[in-house]
Amino acid sequence: MLRPYDRKPYGIQLLMTGYILQRLVSLFFVLLIVSAIVFVLMNLVPGGPFTLGERGYSEVELANLNRKYGLDVPVPQRYVNFLIGAVQLDFGNSFSVAGRPPVTELIARVWPTTLHLGLYTIIVSFGLGIPMGVVAAYYRNSWIDNFVTFTATLGLTVPNFIIATWLLLVFGFQNGWGAESKWIIPPLFGQGPALLSWDYFLPVLTYALAPLGLVARYTRASVSDALSADYVRTARSKGLSERFIMVRHVMRNALIPMVTVLLPQVPNLLTGSLFIEVVYGVPGLGKFFITSIFNRDYPMIMGLVLLIAAFWGLTYLVTDILYTLIDPRVRVFGRRNA
Amino acid sequence: MAGPEIIAEADYLNHPVSLRAQYKQRSLWGDAMRRFSRNRLAMFGLGVLLLLLFLAVFADFITPYPYDQADFSVVNLLPFRDPAHILGADGVGRDYLTRLIYGARTSMLVGLSVPLFAFAIGVPLGAISGFRGGRVDFVVQRIVDIMTAVPPLLFALFLLSLTGSGVGNVIFVLSVTAWIEPTRLTRAQFLTFREKEFVASARAMGASDFRIALQHILPNALTPLLVSFTFAVPAAIFAEAGLSFLGLGITEPTASWGKMVGGGVGNYIRVYYHLALFPTLLVALTMLGFSFVGDGLQEALDPSRSQ
């Protein structure tokens, strides 16, 4: 069967390329301005990474340190230097981490942990959330629907560090599930027990609850919308099996509105949660961000902010493109996304 | 529904006064109130909210001790052991019940003032942006683009590291990121209503832009804004608790639930369980209460959206 989008005219594809290019350019400018704001704000505030309270450096030592770390040049010039480096993907070296490794190297070392946790969380939240939403919509107002609604409400309203605290109260540190020493940095898709370790159980459980609630709630809403549509009644009156109706008619149409709501969850999950990482001592991006903030590690803060901003921007772009591919009636190019 | 509701106003005036009550006209807000009061969860949420407000306002009179009075003989006292300190004491021997009640004050202060500031900035900005369009709209939209490029909590954390901790700074920092949502919402509302017939007719009658915006469009945009405000309150409470939990928000000796949770989560969490347990229960209760009120309000004001 020839579907409408199989015969998409060439002109639309051209328009799409133009749209993507336009979005990429605007993302570039947003990143540029974000970096400028962060840079100016960091440098406007009196004091620097070496004037923090307890580090009693003398005047001379301070001047030497500032010169060593390039903090003695004027701010505009420092920003230009930063930009020249950033274009070559060099975000400078960390101030506070021993050995002063480059920021990019540190991020590469730390991010896999967060990605790992995030991937598990995505699997759990989508893998459980979608079936839960479908079942809740199918058996509306039954006990199972109430259970799903309750779980979703709990996950979406109670902050995850509160839930993490409850889990720690119940399970505690004895099992080592919350102990930092248990956390090694697992390679992404690497082998070994780290991938399927029980260490992930509590963090993933806590982390997945909020996106699971969101996924379940939206799935329930869009599936029950689709279930009451005319075409489902037609399909039922034709005598099609419930299973066929669910898979072919309901799920197909219910998935369309879900994409825009659920896909933006992915960058959230892959860049990690500050709270989850702090509570469970996960040495990931979030925990690193907090440490950098406390240490005023300018290059690290800058690198992390830009990384997360770029990741978010790209995901929103992908979401918009996917949306047009799934539903040819919607065409986002030509107008700005609202 | 057949019945008195469909009787026209003129007809209503023809009835004897004794029967008029029966044909009382219904208003949007009256209907909403009725629907809201039938919603059990929403009423529960309202109860929680009022209780917290009461605690926050009268904390000085109902707490057994001053909020910063430390008694080193009761350091980390467990709850339900000593009638003088029913809920125990914290790490420096301050009565925990007192701290929890004062925590409600901090939460409510941040939770109400942040949305207030955010809406005070966002509503006029969104209105101008949506109503006028053009260059103003372009500039506002670019600012929104930039502000949404970084996760709000991350940005708040970064700003807080520059301004330093404290209640005032937390409110400032959270307001800086919170005005985006009301701006977007108001802009969208104004964009929709700008093209409606009632705006065109008001303009034809010579109404000024300001009058159209204030008298004709804003009342129509009021219900979504109100609902959004109700959800902005728990969001601010959550943000304050989160920042304090991470150790960057409220400073000692001010009490904050988030900070108390952060202090309770440690190696002794299962020994001094009360330090972590009580504030988490209060945060969870607050968040649930506010979101029930928000959901209830949304359903009451816009019944077509409820399922």
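In which loop of chain A is Asn141(A) found? Asn141(A) sits in the loop between helix 4 and helix 5 (143-157) of chain A. The model is predicted, and the values that follow are computed from it.

**Backbone exceptions**

Most residues other than glycine have a negative phi, and most peptide bonds are trans. Asn141(A) counts as exposed because it has 9 C-beta neighbours inside 10 Å, and the cut-off for exposed is 12 or fewer. In chain B, the peptide bond from Glu252(B) to Pro253(B) is cis, with omega near 0 degrees. Pro253(B) belongs to the loop between helix 12 (209-245) and helix 13 (257-264) of chain B.

**Helix packing in chain A**

Two packed helices are described by the angle between their axes and the distance between the axes. For helix 4 (residues 103-138) and helix 12 of chain A, the axes come within 8 Å and cross at roughly 135 degrees. Helix 4 of chain A is therefore oblique to helix 12 of chain A. On the helix 4 side of chain A, the contact is made by Val110(A), Trp111(A) and Thr114(A), and on the helix 12 side by Leu285(A), Gly286(A) and Phe288(A). By class, the residues of this contact are four nonpolar, two polar and no charged.

**Contact between the chains**

How many residues of chain A are in contact with chain B? There are 31 residues of chain A in contact with 31 residues of chain B.

| Element of chain A | Residues |
|---|---|
| helix 1 | 10-44 |
| helix 6 | 160-171 |
| helix 11 | 274-280 |
| helix 12 | 285-295 |
| helix 13 | 298-326 |

The side of chain A that touches chain B has 26 nonpolar and five polar residues, with no charged ones.

Chain B has 14 helices and zero strands. Of its 307 residues, 41% count as buried. Among contacts in chain B with a separation of 6 or more, 68% come from residues 24 or more positions apart.

Helix 14 (residues 273-301) of chain B has 29 residues and reaches 42 Å from its first C-alpha to its last, close to the 42 Å expected at 1.5 Å a residue. Because 21 of the 29 residues of helix 14 of chain B are buried, this helix is largely enclosed by the rest of the structure.

The largest nonpolar core has 136 residues, and those with the most contacts inside it are Val305(A), Leu174(B) and Ala236(B). Helix 12 of chain B gives the most to this core, with 15 residues. Leaving aside residues up to four places away in sequence, Ala236(B) touches Val110(B), Gly111(B), Val114(B), Pro115(B), Leu174(B) and Ala178(B).

**Gly130(B)**

Is Gly130(B) buried or exposed? Gly130(B) counts as buried because it has 26 C-beta neighbours inside 10 Å. Gly130(B) is placed in helix 6 (residues 96-132) of chain B. The C-alpha atoms of Gly130(B) and Thr183(B) are 9.2 Å apart in space, while the two residues are 53 residues apart in sequence.

Conventions
Residues are numbered from 1 along each chain as its sequence is written. Chains are lettered from A and ligands numbered from 1 in the order in which they are written. This is a predicted model: local features need pLDDT of at least 70, side-chain atom pairs count only at pLDDT 80 or more; totals for chains, interfaces and linings use all residues. Two residues are in contact if their C-beta atoms, placed from the backbone, lie within 7 Å. Helices (H or I, at least four residues) and strands (E, at least two) are DSSP runs, numbered from the N terminus. Ala, Val, Leu, Ile, Met, Phe, Trp, Tyr, Cys and Pro count as nonpolar, Asp, Glu, Lys and Arg as charged, and the others, Gly among them, as polar. Axes are lines fitted to C-alpha atoms, for helices over the stretch in contact, and angles run from 0 to 180 degrees between N-to-C directions. Angles under 35 degrees count as roughly parallel, over 145 as roughly antiparallel, 65 to 115 as roughly perpendicular and the rest as oblique. A residue is buried if 20 or more other C-beta atoms lie within 10 Å of its own, exposed if 12 or fewer, and partly exposed in between; C-beta atoms are placed from the backbone. The expected span of a helix is 1.5 Å times one less than its number of residues. A nonpolar core is a set of buried Ala, Val, Leu, Ile, Met, Phe, Trp, Tyr and Cys residues joined through C-beta atoms within 7 Å.
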